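Dear colleague,

I am passing on the structure we spoke about, and below it you will find some notes on one of the chains and on the way in which that chain meets its partner.

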Amino acid sequence: MYDRDYSGKTINFEASGGLINSSLVMQDDETNSYWAIMSGESIAGKFKGTKLTELPVGEKMQWKEWVKKYPNTQVLSVQGKEQGFDSYRRYFKDSQGFRGQSAHDSRLKTKEPIFAFKHNGNAIAAAHRKLEGGAIFVLADGSVFLYRRKGADLFESTSAFLSPTGFEKKDGTWVEKETGCSFDAASAAFAGDGECAARIGGFDTFWYNWSLNNPDTKLLK
Amino acid sequence: MIQLQHLISAGALFLLTVTTACAQPRDLPREFEQLLPRGAIAAIRHPSFVSAKDADISDKEWILGVHIDGEARAYSLTLLNSHEVVNDAVGDKNFAAVW
């Protein structure tokens with residue numbers, strides 16, 4: 001999810017019809033600049049070398065869960081349809097990458113599902129299977145807390161939070177140290193008095209997609 | 001999770017590559033591959049919505065949801081696959097829904 005307000009204008013995007021390392025590249029209508037979806041960075045054109053702002057406001061879940069959470073939700077409708085044809089089914093079951101591509105390195109399997117993000121310019125990733133029930137990773141200037149429900153489907157979003165002072169597990173509950181905010185798995189959010197840990201953006205994707213675009217990724221273990 | 005392979009299977013890959021290659025800017029990195037002409041996948045620029053009670057969507061359909069300033073919107077992933085990008089806005093927040 002990217003902010004379309006950029007450089008003082010609201011810009012519109014569409015698929016360029018091209019890929020970089022198997023990942024979508026968009027173009028904007030206003031300058032025809034090319035934008036890599038995996039990094040949010042412009043790779044060619046007027047805005048080359050600049051980045052879009054990622055908005056950590058999107059979450060993926062099944063419709064039944066979403067409508068339970070937000071009964072007044074609106075639903076995208078295209079030509080009278082609210083859902084389409086599942087044309088990716090075969091791809092998601094295949095162990096190979098798109099057109100037989102493999103990961104940049106063998107630290108994880110090519111199609112290992114991961115959550116990945118960038119922090120202070122560094123690419124960081126963790127395998128989904130390491131995040132079920134929650135996991136804390138200490139960075140140079142704070143900690144991240146990553147959470148996936150046990151048995152979560154591939155498509156389900158990872159919840160990610162950053163705290164400068166870190167997290168801990170107290171009496172079976174994940175807690176942010178500084179604020180005492182506690183993690184509520186049902187809402188996938190920290191709650192409590194004060195300003196709780198901020199949600200951060202990132203990608204749930206396959207290792208090959210991310211590693212080909214970010215070969216220097218630090219892998220959280 | 002965006003690969004476009006469902007559209008590649010439509011064929012004519014070679015022809016499309018040849019016909020679009022000449023329009024590319026010179027500063028594109030060499031890893032960039034033009035597989036379809038720009039516009040072959042129609043982005044949504046003026047999205048329409050229906051209420052939850054009027055939506056014909058199955059319980060198990062995966063959606064990308066956003067909740068901004070008290071307003072919730074859901075985009076079916078299978079619809080997103082066909083359009084790749086939804087240019088949307090809630091209040092004064094303009095955003096591109098992609099996944």
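What share of the 99 residues in chain B is buried? Buried residues make up 35% of chain B, where a residue is called buried if 20 or more other C-beta atoms, placed from the backbone, lie within 10 Å of its own.

Please bear in mind that this is a predicted model, in which local features need pLDDT of at least 70 and side-chain atom pairs count only at pLDDT 80 or more, while totals for chains, interfaces and linings use all residues. Residues are numbered from 1 along each chain as its sequence is written, and chains are lettered from A in the order in which they are written.

Of the contacts in chain B with a separation of 6 or more, 41% are between residues 24 or more positions apart, a contact being two C-beta atoms, placed from the backbone, within 7 Å.

Turning to the partner chain, 65 residues of chain B are in contact with 59 residues of chain A. The largest share of the side of chain B that touches chain A comes from S3(B), with seven residues.

Strand S9 of chain A (residues 74-77) and S4(B) run parallel and are joined by two bridges, and A:Val75 stands opposite B:Ala74 in S4(B).

With best regards

Conventions:
Buried ≥ 20, exposed ≤ 12 C-beta atoms within 10 Å, placed from the backbone. Helix = DSSP H or I, 4+ residues; strand = E, 2+ residues; numbered from the N terminus. Pairing = 2+ DSSP bridges.
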